[in-house]
Amino acid sequence: MMKNTWALLFIGVCGLSLSGCNNGGELTQQYSDTNAFTLISSAMVDGGKLPVTYTCDGESVNPPFSWSGAPETTKSYTLIMHHNAPDGVHWYWTMYNINGDATQINSTETLGLLGSNSVNDINEYAPPCSKGPGVKNYTYTIYALSEPVTFPERSVSNGHEKVDRETLLAAMKDITLDSAQMTVSYERDSQGSKGERLSNKRSNEGMKKGDEKRPKPAPFIQPDLSKHIDSARCTTIQESISDAGFDKNVAVICDETYAYIASSTYPEHEMMTGITGTNEQIPVPAQGYAAPIKLEPKKADTLTTIDAAVGVAVNGVPIYDYSSQGELDVSQYDAKHDTLVLGQLDNCGGHSGRGDGYHYHVSPTCMIDTMTNKDDNTIIGWAYDGYPLYGDKNPDGSEIAKGDLDVCNGQADDTFGYRYQTSTTPPYIIQCLVGEVDTAKLPRVAPLSGDTQGIRADLRPPAGGVENLTHTVSEDGSRTMRYSYQGEDYFTTYTSSNQGESCYDFTQKTISNGGKVEKGTFCRNSDQAKAEPAKNLNASQKDRPEPKRKQNVLTPLVTVNATNPKISGEHNFKLEAWADNWFAAYVGENLLIEDSVSITTERSFNAERVIFSEDYPIQLNLIIKDFKQNDSGLEYIGARNQQMGDGGFIMQVTDIDTNEVVSVTDSSWKCEVLHRAPLNKLCEQESNPVAGEGYCTFMSKEAPSHWLMADFDDSSWSSATEHNTASVGPKDGYNEITWNENAQIIWGDDLETVNTLICRATIEQPESQQ
């Protein structure tokens, strides 16, 4: 009866399309007021204010909610967040097919399936980020449904279908039992940019009176690094860097008061790998960064916390406290703001912040591993107040007993009077400064300027996190960060620009900006920011020049010269290839080119181009692989989208001297399968697939010896199988190459079960050249 009454009310007021309804708002509230179904939040109250944490000015994460009093026949829930704007309804969060047993959702959590938002049309939570002035109201509505939502002739089982608010409301109009709401308000600060507000957010709230102070960032006073004054403490700081092996990239200049540790803040170890909670920022060098370390530290009367770096590692990388936000209370650990817990840190303990500058939030493990003097008694960094930072153990190698470290994560030291320590438990690293510090001397990495179109102004962590994030530096010096999100690939690539020493040409496809491919030139030094406006690139533009780099998540398509000196001859060639996922090409036994994208990334579809010289005939050999997590041959094991991968490879070789295509991949190539899995495709449906067991058996063998030799007998090998583009679905780099009409995508006989194969062909001199 309740279901039918609700359906009649809904249809009668809103009509079948629901577009003319008061957004399911007033009517829903009137109905819910007569029932016990309620929606509450531990972070806010109905009619109150939306905390900044859940907006684009904060952490860009969804608020927590709990609900109770739903009808007993409830089988599913839907949760929608919307705002009634002058130009229509804006919606920020659509989550449906939540299990009927659920009673709460935590911040950063996803239940059921995500629908789209009206901000970027992506299946994610879009935090409020109003461009206009004034207070805005945002309404959260929880719907109790008699059954899960279904869509006629549409498949949403993988969660990637874009289901907007109107479609969702229409689909559930006849199955809605009850609903409850909460409305909150938020007004964005009209003073300054989001980046400026973020850097000034830490207040004195949550502090113990008299215990610590949180100074506002003072204008940075650039030090004079043209003069150097020696002192014993200066020498100690210099030696901590030179003994660690970092003196080639890090300099120490001292005056009477400070030792300035100068660097580009850009480490030599790997970066960004392992991050899931990315903010889509990429590490960019900050030339001329100078961290001031007091030469004569002195304990202060109060502790100091800073919404920026609190020190610097001996490799010149800034050190921050563990928090991702300014509301750090040193007396109470807050997991909601823990960068490590939130998946925001890479395997080395760092990430790139809002200014695209790299820094550490926990122990810099990768840096420590590269230190030439790695030991427990080695200084790994310096706090701004002048006290040193050591590792997880005391300098004598003994364990640090529980309770030995104070609130700033430090303790007394016989040599320096005091020292900070890293730890495997929160707060992990320097949390506050015990010594006197002059905030006017503290540097900040200058944000990139010249972003006239705002393409990097509002990047934020996507809900649920990303997969397969990697950061690579190519031979031409370009730097690329790649990642996938809900089945789509995204990237940010930049190279040095001719517009200035600290300027960079960017190409990006970000989740925050809706997957558009955009370009812009940005500079660290505002005096150099004579940058061209950022551009949105539309694939339908017919007058655009041939792109210099791929508009995808992977390494830019650049032409490189072969570096193997054993490959040489009188004829000049260009090899172009596209692979799903990885390949290596050999001229005889000599490696010509190896895919620049690691096979460990599941969506590493990319194209490569290389120039080389050789004489005819050319024995060309290939190793081509599809990604697999293990010998089962599966991808995304244990996830909802567990599946068999599918491969594909296409290549062409052009004689540059004559501009003639002299070789293409087709069925004339001879190939041998080295790994095939699973041998029974039912393995894909296993809830706990184990390689080599049940349906998940596999075939694996080594490549024949001497198979790279020109005289190797490959007559017993099978011919390569040609596959059409509809079967393979080539993407990300494939269209960057103009393929010869005879070039075919090749693989083994089965795109899904063949994981690794080797192929051979001989390129003979064309008759036209004889």
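Phe65 stands opposite Ile105, a residue of strand 5, in what is a predicted model. The strands here, like the helices, are DSSP runs numbered from the N terminus: at least two residues of type E for a strand, at least four of type H or I for a helix. Strand 5 covers residues 104-105 and pairs with strand 2 in the antiparallel sense over 2 bridges; for two strands to count as paired, DSSP has to find at least two bridges between them.

Now look at the faces of strand 2, which spans residues 65-68: Phe65 and Trp67 make up the covered face, while Ser66 and Ser68 make up the uncovered one. In a regular strand the side chains alternate between the two faces of the sheet.

Now jump to strand 31, residues 582-587. Is just one face covered here, or both? Both are: Trp582, Ala584 and Tyr586 are buried on one side, and Phe583, Ala585 and Val587 are buried on the other. Buried means a relative accessible area under 20%, exposed means over 50%, and partly exposed is in between, using a 1.4 Å probe and protein chains only. With 6 of its 6 residues buried, strand 31 is largely enclosed by the rest of the structure.

Strand 31 also has its pairings. Strand 34 (residues 618-625) runs antiparallel to strand 31, joined by 6 bridges, and Ile624 of strand 34 stands opposite Phe583. Strand 32 (residues 590-594) pairs with strand 31 as well, again antiparallel, over 4 bridges, with Asn590 of strand 32 opposite Val587. The hairpin of strands 31 and 32 has 2 residues between the strands, and Gly588 takes a positive phi near 65° there.

Glu741 and Val664 are 77 residues apart in sequence, but 9.4 Å apart in space, C-alpha to C-alpha.

Stepping back, the chain has 7 helices and 44 strands. Of its 770 residues, 55% are buried. Among contacts (heavy atoms within 4.5 Å) with a separation of 6 or more, 70% are between residues 24 or more positions apart.

How far can you trust it? The pLDDT, the predictor's confidence in each residue from 0 to 100, averages 82 over the chain, and 82% of the residues score at least 70. Residues 1-35 stay under 50, and the model has 53 contacts beyond four places in sequence for them. The pLDDT is also below 50 over residues 526-556, a stretch with 95 contacts beyond near neighbours in sequence.

Some bookkeeping: residues are numbered from 1 along each chain as its sequence is written, and side-chain values use heavy atoms, leaving out hydrogens and water. Local features need a pLDDT of at least 70 and side-chain atom pairs count only at 80 or more, whereas totals for chains, interfaces and linings use all residues.
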